Amino acid sequence: MTAPLEGIRVLDWTLYQQGPVSTVLLGDLGAEVIKIEERGIGDQSRHVGGWAGLPVGLGDGRTFYFETYNYNKKGITLDLKQPGAREVVRRLVERSDVFVHNIRAEVALRLGMDYETLRGYNPRLIYAQAWGYGPEGGDSHRPTIDPAIAARCGIIATLTPPGMPPHYPNMAVVDQIGATMLSYSILAALVARERLGIGQRVDTSLLGSAMWLQAMHVNTHLLLERDLSKHYRDRAANPTVNFYQCGDGRWLYLGLLDSQRYWARFCQALELGEVEHDPRFATGTARNQNRRELIVLLDQAFARQPLSHWLEVFKAYPEFMYDAVNSVPEALQDPQLRANGYIREVPHPTLGKAQMVGVPFRLEKTPCAAPRPAPALGEHPEEVLQEVCGYSSAEVARLREEGVV
């Protein structure tokens, strides 16, 4: 069976995470992704990891960070300051569908990788640029990284408990959503080209994507002038939507949104008959008004048994929404992840078989492409230059001698 984007060629001139993740997603869909890196240096993410005190290497010069965000790609290196490299780019663009980058606009212009130059080679090209702050405004050309955007747009303030210094998990949430929106916009442009026969420029940004990620809280401010971004466990408006600590110290999330609908069976599950009929908690409004007292009672109830007990009890109530609060190592033991392919086995040149995060969706008729490991630095020059660009083997050898590739 054919993958959805089979036959689509994507040129990837990206660094770190926002750009590379977007092209990984396109590669998962079957696109041929050619990653262009700086000759002799490569994407700086090949060297990321040590700053966080993490074991960087996977052997043979490979790093966990680069491997995570650059599988399913072919790799070449170019010295874009040389005229010979500009010719390689021209040939690649003429034969490609999408060009993606998250390099600062002035650098792209200086190196002849800007939209006006590249669309001159291929008017049907989808030219996708990922910005930090967006293409307009006084900060449009500023460099930035994920935590800076998370700080600026309110995410860090939302995640930080009251009275604590700023807190942001080491997850690069903004980069991930920025990459997802970049891929989404590229797919929209490809559909438009299929229907209308036009290429176009696509602009996305980390700032815009981060605001979209928290649209519910942002729109609450805009439409109601209210701040609902903080959750205070000890005074949750609906005590049946809250976190509770169990007898073994583990936490459970409870999400019974319609408390009136679930109230009787919830009290039955916790063996709280007297609480069920207490007039202080008889209605949703009453439970809201007396929420602090109810939360204390529920804290006491959940503390009587370990988490495993409550998970087993709640299985008898299939309408309940709840889950354990897991660490990532605990979550990785969840058989549900394997059952759906959310963790998958991939071939790896140094690890043999490795496990990595899988594609979070399934297409019945056009399944995603099988994963391939990330390229070594400049791994595929002959394949790209000869098969895609039409260079002869002698011409490739000359480009090597001249330091172009």
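1. Two strands are said to pair if DSSP finds at least two bridges between them, and helices (H or I, at least four residues) and strands (E, at least two) are themselves DSSP runs, numbered from the N terminus. With those terms in hand, strand E10 (residues 251-255) and E11 can be described as pairing in the antiparallel sense over three bridges. The model is a predicted one, in which local features need pLDDT of at least 70 and side-chain atom pairs count only at pLDDT 80 or more, while totals for chains, interfaces and linings use all residues. Residues are numbered from 1 along each chain as its sequence is written, and side-chain values use heavy atoms, with hydrogens and water left out.

2. The pairing of E10 and E11 belongs to an open sheet of three strands, in the order E9-E10-E11, with antiparallel pairing. E9 and strand E11 (322-324) stand at the edges with a single partner strand each, so one side of each is left without a neighbour in the sheet. From one strand to the next the twist averages 15°, where axes are lines fitted to C-alpha atoms, for helices over the stretch in contact, and angles run from 0 to 180 degrees between N-to-C directions.

3. Helix H15 (residues 307-314) lies across E10 and E11, and runs at about 30° to E10.

4. Salt bridges deserve a careful look, the term meaning a side-chain nitrogen of Lys or Arg within 4 Å of a carboxyl oxygen of Asp or Glu. By this rule the count comes to 29 salt bridges. One of them joins the side chains of glutamate 383 and lysine 74, at 2.9 Å from N to O. This pair links distant parts of the chain, since glutamate 383 is in helix H18 (residues 381-388) and lysine 74 in strand E5 (residues 73-78), 309 residues apart. Glutamate 383, at 29% relative accessibility, counts as partly exposed, whereas lysine 74, at 17%, counts as buried; buried means under 20% relative accessible area, exposed over 50%, and partly exposed in between (1.4 Å probe, protein chains only).

5. The side chains of aspartate 97 and arginine 193 also meet in a salt bridge, at 2.8 Å from N to O. Here too the pair links distant parts of the chain, with aspartate 97 in the loop between helix H3 (83-94) and strand E6 (98-101) and arginine 193 in helix H8 (residues 173-196), 96 residues apart. Aspartate 97 counts as buried at 14% relative accessibility, and arginine 193 counts as buried at 9%.

6. Aspartate 299 forms a salt bridge with arginine 233, and the closest N and O atoms are 2.9 Å apart. Aspartate 299 is partly exposed, with a relative accessible area of 23%, and arginine 233 is partly exposed with a value of 23%.

7. A network of salt bridges links Glu87, Arg90, Arg91, Glu94 and Arg95. Arginine 90 lies in helix H3 and counts as partly exposed, at 25% relative accessibility.

8. A nonpolar core is a set of buried Ala, Val, Leu, Ile, Met, Phe, Trp, Tyr and Cys residues joined through side-chain atoms within 4.5 Å. The largest one has 31 residues, of which Trp13, Leu78, Leu80, Leu92, Phe99, Met113 and Leu385 touch the most other members. Among the elements that give two or more residues to this core are strand E1 (9-13), strand E2 (32-38) and helix H19 (393-401), but H3 gives the most, with five residues. Another core, of 26 residues, lies apart from it and includes Tyr244, Ala269, Leu270 and Val275.

9. In helix H9 (residues 206-213), Leu206, Ser209 and Ala210 are buried. They cover an arc of only 100° around the axis, which puts them on the same side of H9, the arc being that of the directions from the helix axis to the C-beta atoms. What covers these buried residues includes helix H1 (18-28), strand E7 (126-131) and H8.

Key
Contact means heavy atoms within 4.5 Å.
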